[in-house]
Amino acid sequence: MEPIKEWMIRSLREESNAGVISGWLEEDLHKWVRVVSNALNALLNGVSFIVLSDEPRSWFKSYVLSHFNSPSKNRPYVPFVGIEELEMYLGEDIRDQKNIQLVSSMLRSTFKDYSFFYIGKAEGIKAELAMSHENSCLWLLDADVQNAFILNSANKMLDSRLLQLYRLFDQAISSMIYQKITLES
């Protein structure tokens, strides 16, 4: 088995050789590997991920949900789910601690163990809910939050970078399932 950091470097270099620009990610590789390793460890420990995003990244949330468990992956399904009603229960993107408490209580009774996979700005009630959970996998824009991977929302290549991150994350899940990589804690 290959350590995840070495696997990630090799995967990025293979993408570069195929014409995909990935030097930007090598600069933040340590943070990226930490975020991915934490999420994969959570998956191994039975955590289900509820996928949330801010409004501008709702396209990406839909993409992720429609691709994680595609039958063409030829692997066991992974617990990444979307709960559209959750967003309705949370209400408008305002800080409402009572709604967060009610939703958290509902989720605890629904899932054995859960956390969030959140993509977007670190503001609003969905971001607050996701950031309040220890095992959340956070891809945040324009924020410096510990244990999150940070992206610049002004970058013209943001959408391409999100897709590249998803592709690498998804490949890492498959590599973990088939015991091709070891995780860093």
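Analyst: The expected span of a helix is 1.5 Å times one less than its number of residues, where helices (H or I, at least four residues) and strands (E, at least two) are DSSP runs numbered from the N terminus. The structure above is a predicted model, in which local features need pLDDT of at least 70 and side-chain atom pairs count only at pLDDT 80 or more, while totals for chains, interfaces and linings use all residues. Residues are numbered from 1 along each chain as its sequence is written, and side-chain values use heavy atoms, with hydrogens and water left out.

User: How many helices and strands does the protein chain have, and what span should helix H6 have?

Analyst: The protein chain contains 8 helices and 7 strands. Helix H6 covers residues 97–110, and its 14 residues, at 1.5 Å a residue, should span 20 Å, which agrees with the 20 Å that separates its end C-alpha atoms.

User: Which residues of H6 are buried, and which exposed residues does the face turned away from them carry?

Analyst: A residue is buried when its relative accessible area is under 20%, exposed when it is over 50%, and partly exposed in between (1.4 Å probe, protein chains only). In H6 the buried residues are Asn 99, Ile 100, Val 103, Ser 104 and Leu 107. Seen down the axis of H6, these buried residues fall within an arc of 130 degrees (taken from the directions from the helix axis to the C-beta atoms), so they line one face of the helix. The face turned away from that buried side carries the exposed residues Lys 98, Gln 101, Leu 102, Arg 108 and Ser 109.

User: What share of the whole chain counts as buried, and which residues have the most contacts inside the largest nonpolar core?

Analyst: Of the 185 residues of the protein chain, 45% count as buried. A nonpolar core is a set of buried Ala, Val, Leu, Ile, Met, Phe, Trp, Tyr and Cys residues joined through side-chain atoms within 4.5 Å. The largest one has 40 residues, and those with the most contacts inside it are Met 8, Trp 32, Leu 40, Phe 80, Phe 117, Trp 139 and Phe 169. Apart from this core lies another of 17 residues, among them Ile 50, Phe 111, Ala 127 and Leu 138.

User: Which residues is Leu 40 in contact with, leaving aside its neighbours within four places in sequence?

Analyst: With contact meaning heavy atoms within 4.5 Å, Leu 40 touches Ile 4, Phe 169, Ala 172, Ile 173, Met 176, Ile 181 and Leu 183 once those neighbours are set aside.

User: How many salt bridges are there, and where do the partners Lys 73 and Asp 170 lie in the chain?

Analyst: A salt bridge is a side-chain nitrogen of Lys or Arg within 4 Å of a carboxyl oxygen of Asp or Glu, and by this rule the count comes to 7. In the bridge between Lys 73 and Asp 170, the closest N and O atoms are 2.6 Å apart. This pair links distant parts of the chain, 97 residues apart, since Lys 73 is in the loop between helix H4 (58–67) and strand E3 (80–81), and Asp 170 is in helix H8 (residues 158–177). Lys 73 counts as partly exposed at 24% relative accessibility, whereas Asp 170 is buried, with a relative accessible area of 7%.

User: How far apart in helix H1 are Arg 10 and Glu 14?

Analyst: Arg 10 and Glu 14 are 4 residues apart in helix H1 (residues 4–17), which means that about one helical turn separates them. Arg 10 is partly exposed at 36% relative accessibility, and Glu 14 is partly exposed at 44%.
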